[in-house]
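Take a look at the chain before reading on.

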Amino acid sequence: MAAVYDDYGPDRVGFFFGLTGPRLAALTLAVIPVFVAANQQRWALAAELAALAAVVTVLVVVPVRGRSATGWLLASLSFTAGKAFGWTQWRSKAATGKAEALENADLPGVMTGIEVHDGSPKGPAQTRYAIIQDHGLRTWAMTAAIRHPGVGMAEGDRRDQYGRGLTELLDVAARASLISDVVFLVRTVPDDGAERQQWIATHRRPDGPELARRMNDELATALTRAAVRTEAFVSFVVPETRIAKQAREFGGGLEGRTRVLYALADEIAAMLRGGMGMTDVTWLTSPQLALAVRTGFAPADRAGIIDALAAHQSDPSVCTEVPWAMAGPSGADTTMRHYSHDAWNSISSTIKLPDRGACLGALAPVLTPSEPGERRSYTVVFPILPFSRADRQTASGEWAADMGEGLRGRLQIRQRSRDRANVTRAHRLDAKLASGHALTRPYAVACVTVAKTMRVAEFGRRLDASIRRAGFAPLRLDLAQDAGFAAATLPLGLGLTRKADE
């Protein structure tokens with residue numbers, strides 16, 4: 001039987017009945033005037049202040065779809081201001097005739113600061129792998145296309161082996177003290193039948209039986225509409241503050257950072273092929289990464305690229321690469337409930353971990369399309385905390401759990417099963433950290449993409465239903481759909497929680 005993973009807890013553990021320090025301070029400041037007025041026997045003023053304190057409590061404490069009312073208010077004001085100033089609409093330089101250098105990436109929203117470099121030649125083929133630099137977050141990343149036999153038909157022991165392999169990968173990444181995030185991204189792309197059409201054009205005989213030809217064409221049409229292709233990528237992210245020192249030892253500049261990233265890529269590839277059972281790990285070059293980004297924005301463009309690759313074999317002058325200036329959409333618009341890019345709409349949702357835990361491979365139903373032409377994708381991000389910071393957070397969480405348990409005992413409040421489970425997890429997490437394991441705060445984002453001729457709201461509801469069917473709880477990324485799409489669909493090492501210089 002496969003293991004159930006449930007050793008996780010809240011990112012921040014409140015030390016006073018689940019309240020964090022800032023929330024407790026806000027409530028204290030709101031309640032103190034009530035007691036002062038009551039002490040002075042000014043009952044009318046005390047009642048008014050009590051009503052005000054109740055409003056503050058609701059705004060600060062009560063969550064509304066994953067955020068407090070204050071958080072929703074600030075996000076709504078920011079989105080309204082952005083829409084008024086035209087910041088939510090984006091047009092590419094190529095679409096407006098202002099593109100200058102085709103090798104410069106032109107991407108919208110949170111991807112504006114992305115720049116892709118060609119790394120140093122490596123290996124017998126002297127391949128230059130893509131180095132992803134994010135100027136906004138000051139990070140460096142590399143992406144690889146991976147192949148895995150899957151866990152759908154794997155036995156429990158094999159799944160446990162893959163789980164231990166993932167743990168070893170994260171532990172190795174933490175010991176390097178350079179990698180801040182490891183990102184796994186999977187996309188199920190509607191099959192366009194491009195390869196089959198090329199095979200038929202090459203191998204079909206003109207004197208073949210008419211009935212067999214017609215049956216083959218009808219069968220291919222039916223199967224192509226229902227078939228999907230799966231693409232999987234892995235990326236690792238290194239902040240500039242961590243790589244700068246080691247890069248100076250290799251000569252500094254882009255060359256020094258490339259050498260450091262290549263060394264990390266070799267370590268990651270070895271761990272992926274080992275315990276995690278990857279059958280193929282291929283680090284992407286800049287043209288390959290541009291193709292992956294372009295098909296992320298426009299899934300239907302892959303058929304034209306496959307045709308160009310076939311035509312290139314007979315005519316070398318045919319261009320098969322997608323320039324970075326055209327890898328993004330020609331236009332993109334962010335709305336409250338979905339993200340619009342070219343002829344496509346996308347909806348993204350985060351995935352909340354269940355209290356009862358989850359098995360390896362539990363997210364598989366999320367990738368199953370509900371109709372032909374629908375593209376599903378999700379990303380799982382593993383942010384790795386440095387050992388010093390992880391030790392402080394673990395100690396703080398353990399202390400907060402013990403203090404909350406002690407306060408409930410003194411006030412003779414009956415301790416619920418959830419509270420006891422949180423205390424047990426806090427102690428178990430500290431024991432694992434003491435044994436040398438890394439501390440990570442994983443999260444997942446799922447996305448569905450359909451053509452604008454289809455109702456995207458209906459497909460967003462189906463995506464949420466698939467997440468619930470997999471045993472998780474969906475949380476729609478309203479007011480942040482562009483960031484959710486970038487994290488869940490594009491293999492650029494993007495996330496939702498990363499900050500500059502982190």
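How many helices and strands are there in the chain? The chain has 14 helices and 17 strands. This is a predicted model. Of its 502 residues, 43% are buried. Among contacts with a separation of 6 or more, 76% join residues 24 or more positions apart.

**Nonpolar cores**

- The largest nonpolar core holds 55 residues.
- Which of its residues touch the most other members? They are Met142, Leu169, Val182, Phe184, Phe236, Leu272 and Trp283.
- Helix H8, residues 253-273, gives this core its largest share, nine residues.
- A second core is separate and has 35 residues. Ala141, Tyr339, Phe485 and Leu492 are among them.
- In soluble globular proteins, nonpolar side chains tend to be buried together.

**Leu272, a residue of the largest core**

- Leu272 is one of the residues that touch the most other members of the largest core.
- What does Leu272 touch, not counting residues up to four places away in sequence? Its partners are Ile146, Leu169, Phe184, Val234, Gly277, Met278 and Val281.
- Two of these partners, Leu169 and Phe184, are also listed among the core residues that touch the most other members.

**Helices H4 and H8**

- Helix H4 spans residues 156-175 and packs against H8.
- The angle between H4 and H8 is about 165 degrees, and their axes are 9 Å apart.
- Are H4 and H8 roughly parallel or roughly antiparallel to each other? An angle over 145 degrees counts as roughly antiparallel, so H4 and H8 are roughly antiparallel.
- The crossing of these two helices is right-handed.
- From H4, the meeting residues are Glu168, Leu169 and Val172. From H8, they are Glu267, Ile268, Met271 and Leu272.
- By type, the residues of this contact are five nonpolar, no polar and two charged.

**Leu170, also in H4**

- Leu170 has its place in helix H4.
- Is Leu170 buried or exposed? Its relative accessibility is 8%, so Leu170 counts as buried; the cut-off for buried is under 20%.
- Beyond its neighbours within four places in sequence, Leu170 is in contact with Val182, Phe382, Ile384, Ala438 and Thr440.
- Asp181 is 11 residues from Leu170 along the chain, and their C-alpha atoms are separated by 9.2 Å.

**Loop residues with positive phi**

- Gln41 sits in the loop between helix H1 (21-39) and helix H2 (43-61).
- Its phi is near 60 degrees, a positive value in a residue other than glycine.
- Gln41 counts as exposed because its relative accessibility is 59%.
- Arg138 sits in the loop between strand S6 (127-134) and strand S7 (139-147).
- Phi of Arg138 is near 55 degrees, again a positive value in a residue other than glycine.
- Arg138 counts as partly exposed because its relative accessibility is 38%.

**Thr285, a buried loop residue**

- Where is Thr285 found? Thr285 lies in the loop between strand S10 (280-283) and helix H9 (286-297).
- At 15% relative accessibility, Thr285 counts as buried.
- Leaving aside neighbours within four places in sequence, Thr285 is in contact with Thr127, Arg128, Tyr129 and Ala130.

Conventions. Residues numbered from 1 in each chain as written. Predicted model: local features only at pLDDT ≥ 70, side-chain atom pairs only at ≥ 80, totals over all residues. Heavy atoms only, no water. Core = buried A, V, L, I, M, F, W, Y, C linked by side-chain atoms within 4.5 Å. Buried < 20%, exposed > 50% of the residue type's maximum accessible area, 1.4 Å probe, protein only. Helix = DSSP H or I, 4+ residues; strand = E, 2+ residues; numbered from the N terminus. Contact = heavy atoms within 4.5 Å. Axes fitted to C-alpha atoms, helices over the stretch in contact; angles between N-to-C directions. Parallel < 35°, antiparallel > 145°, perpendicular 65-115°, else oblique. Left-handed = near helix turned anticlockwise from the far one by under 90°. Nonpolar A, V, L, I, M, F, W, Y, C, P; charged D, E, K, R; others polar.
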